[in-house]
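Welcome! Take a look at the sequence and the model, then read on.

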Amino acid sequence: MATLGAQAKAASTQMARAPAAVKSRALVGLAALLRQSADALGAANQRDLQRAQAAGLAGPMLDRLKLTPKIIDTVAVGCEQLAAMPDVIGDIIGMKEQPSGIRVGQMRVPIGVFGMIYESRPNVTIEAASLAIKSGNACILRGGSESIDSNKALATLVQQALMQAGLPADAVQLVPTTDREAVGHLIAMPQFVDVIIPRGGKGLIERISRDAKVPVIKHLDGNCHVYVDDPCDIDMAVKVADNAKTQKYSPCNASEGLLVARGVAADFLPKIGAIYAAKGVEMRCDAESLALLSGLAGATLRAATEQDWFEEYLAPIISIKLVAGVDEAIAHINHYSSHHTDAILTRDHMHAQRFLREVDSASVMVNASTRFADGFEFGLGAEIGISTDKFHARGPVGIEGLTSLKYVVLGQGEVRV
């Protein structure tokens, strides 16, 4: 791990001064290599899936482990989008002349070296690598043991693309061992690593946050909510609440809680309840919503416990609660949510504005599915993860989240008196 760290540190100085055109050439080359190697990547991924299934890996984790042709094309498109985006490295903002005559501003620069620790999703290997390249950083990637073959195949393509563009292969390194002790070393090397980004289950992130000797960009849970307001467009609300929960169950931006204003509950709840029932979604309800849904054919209903309001299910389960209105909805979300992503479905502009201002989450939405909380969907090209921290980076972390601002001062011989 010390060798990987030293190599990353050396590569980071070359990446920091790499011209925008060279970094873009590496990204476009990586996209081409990904598409050309789809069959080989699929074969490597099949080995991982077979081992995971034999080991009894849970359904949501198996889903995250898949590297389908569609996923490969999506990350390739992400590389191309990043290549086409403006290069922010070296940008100077806020330049102002002071009474002394000096001009003071801030320049955007790479962080240096980031370590990425993640589980299952092999596409994260490309997202992390492509963002490292675009932002002029070096990175050390430690994927989960369940995806080791997929990650090795992907990392080989990344290093090939870097070398073809004239950049150091060590700018993106994959930890080649599944030994968990490697993680302990990675998070305790401040001489080499500038920030750690864990992306995985709550247990992993709690461990990294507790033991790391370098700064951490993290989120622990994705307990996201949809609040159906009074007044709202019922048909639109049904469509969005359905998508937010059922479009995919395993991501951290899937809705886990549904709050419904009492004024629209009798109209809205049976409609969304019928859709959830047809899709096999278990509904964990407060007493009022349970009464409204109790006669629904085919529905799996349970009385919600206090813990259900805190829960990130990552499964076809949703908690449902009736509230008096926007005040109670905001209070519930701020108390129980993980401050990841929360949405209001409403026709009331003032309610929407209050929700945007007062809900203390990294992404807050009006009349849109929580599933949009994603760097790709936000136009960042790709994301390194989603941060629910409030310092440095918050929400989907793209290029700017992997940079820092330093003060620059321009003078003409001024001295302080």
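The protein has 417 residues, and its radius of gyration is 23 Å; a compact globule of that length would have a value near 22 Å, so the two agree. Please keep in mind that this is a predicted model.

**Overall build**
- Along its principal axes, the C-alpha trace spans about 75 × 65 × 35 Å.
- You can look for 14 helices and 16 strands in the secondary structure.

- Of the 417 residues, 53% count as buried.
- The accessible surface comes to about 17,600 Å², and carbon and sulfur atoms account for 53% of that area.

**A closer look at one residue, V323**
- You will find V323 in strand β11, which covers residues 317-323.
- Is V323 buried or exposed? Its relative accessibility is 0%, and buried means under 20%, so V323 counts as buried.
- Beyond its neighbours within four places in sequence, V323 is in contact with Y227, L259, V260, A261, R262, E328 and A329.
- Y313 lies 10 residues from V323 along the chain, and the C-alpha atoms of these two residues are separated by 22 Å.

Definitions and conventions:
Residues numbered from 1 in each chain as written. Predicted model: local features only at pLDDT ≥ 70, side-chain atom pairs only at ≥ 80, totals over all residues. Heavy atoms only, no water. Helix = DSSP H or I, 4+ residues; strand = E, 2+ residues; numbered from the N terminus. Rg over C-alpha atoms; globule rule 2.2 N^0.38 Å. Buried < 20%, exposed > 50% of the residue type's maximum accessible area, 1.4 Å probe, protein only. Areas by Shrake-Rupley, 256 points an atom, 1.4 Å probe, with all protein chains shown as cover. Contact = heavy atoms within 4.5 Å.
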